[in-house]
Amino acid sequence: METLVLSKRQNKTSNSAKKKRRMGLVPGVLYGKSLGNYMFEVGELELKREINGVGEHGIIDLDVEGSIVKALIKEVQRDAVNHEIIHVDLQEIKRNSIVQSDVPIVFHNEKIVSKTGGILQKEKNSIKVQCNAEELPKSIHIDLKGLKVGSVIRMGDVEMAKEISMIEDPDTVILSVTYAKNEEVNVENEENYELEVKEE
């Protein structure tokens with residue numbers, strides 16, 4: 001992971017932001033006790049590279065006017081049409097501090113479930129966790145192999161590393177498998193599975 005260099009943003013008007021984006025720059029805000037609300041702009045290519053490396057809710061190193069700062073990516077706003085990044089919110093954190101963040105779920109073997117005639121109903125695409133900033137995973141992987149129509153995966157079925165706490169209701173449904181023709185599934189036959197889960 002490289003250090004992302006931020007430049008202080010002077011003009012805060014929407015027209016100025018549009019011009020900056022056309023120049024390959026993305027506007028953003030860095031929140032922190034030592035910096036206040038620091039308005040910045042950053043190179044789009046460099047920002048994309050970091051997000052690809054740590055995920056949209058990961059931790060990155062910043063160069064803020066010569067000072068090295070760690071920050072949690074709080075929100076990445078994208079254009080509804082072309083999905084290009086139009087704004088980013090960052091939160092300054094201290095080393096070894098405890099953070100809360102939404103970690104995206106990566107589902108594996110979806111096609112295997114589809115071949116059995118099931119339709120995947122995804123209710124959640126991320127899991128909110130709390131952990132040391134250095135332990136924050138990039139993603140949580142869930143293997144769907146073995147699921148069939150009537151299967152339900154809940155938050156409580158997902159096992160986390162001992163260093164990571166899940167901040168979710170264990171009964172919250174992550175995913176269920178229904179009939180392709182939307183036929184009603186008998187809930188008495190609902191099955192929960194032990195999941196192969198890996199954090200990255």
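I take two strands as paired if DSSP finds at least two bridges between them, and strands (E, at least two residues) and helices (H or I, at least four) are DSSP runs numbered from the N terminus. I first looked up β11 and β13, which are joined by 3 bridges and run antiparallel; the bridge partner of Val152 in β13 is Ser176.

Before going on I noted that this is a predicted model, in which local features need pLDDT of at least 70 and side-chain atom pairs count only at pLDDT 80 or more, while totals for chains, interfaces and linings use all residues. Residues are numbered from 1 along each chain as its sequence is written, and side-chain values use heavy atoms, with hydrogens and water left out.

**Entry: the whole protein.** I found 3 helices and 14 strands. Of the 200 residues, 39% count as buried, where buried means under 20% relative accessible area, exposed over 50% and partly exposed in between (1.4 Å probe, protein chains only). I also looked at contacts (heavy atoms within 4.5 Å): of those with a separation of 6 or more, 67% are between residues 24 or more positions apart.

**Entry: the sheet with β13.** I traced an open sheet of 3 strands in the order β8-β13-β11, with antiparallel pairing.

**Entry: the nonpolar cores.** I use the term nonpolar core for a set of buried Ala, Val, Leu, Ile, Met, Phe, Trp, Tyr and Cys residues joined through side-chain atoms within 4.5 Å. The largest one has 26 residues, and Ile127, Ile142, Leu144, Ile174 and Leu175 have the most contacts inside it. At least two residues of this core come from each of β7 (98–108), β9 (126–132), β10 (140–143) and β13 (173–179), and β7 supplies the largest share, 4 residues. A second, separate core of 20 residues includes Val26, Leu30, Phe40 and Ile51.

**Entry: helix α2.** In α2 (residues 44–54) I found Glu44, Leu47, Glu50, Ile51 and Val54 buried. Seen down the axis of α2, these residues fall within an arc of 130 degrees (taken from the directions from the helix axis to the C-beta atoms), so they line one face of the helix. The face turned away from the buried side carries the exposed residues Leu45 and Asn52. The buried residues of α2 pack against β1 (3–8), β2, β3 (36–43), β4 (59–64), β5 and β6. Gly55 follows α2 and has a positive phi, near 95 degrees.

**Entry: strand β6.** I noted that β6 (residues 85–93) is mostly covered, with 7 of its 9 residues buried. Strand β2 (residues 25–32) runs parallel to β6 and is joined to it by 4 bridges, and Gly28 has Val88 of β6 as its bridge partner. Strand β5 (residues 67–78) runs antiparallel to β6, with 8 bridges, and here Leu72 has Gln91 as its bridge partner. The hairpin of β5 and β6 has 6 residues between the strands, and His83 in this hairpin takes a positive phi near 65 degrees.
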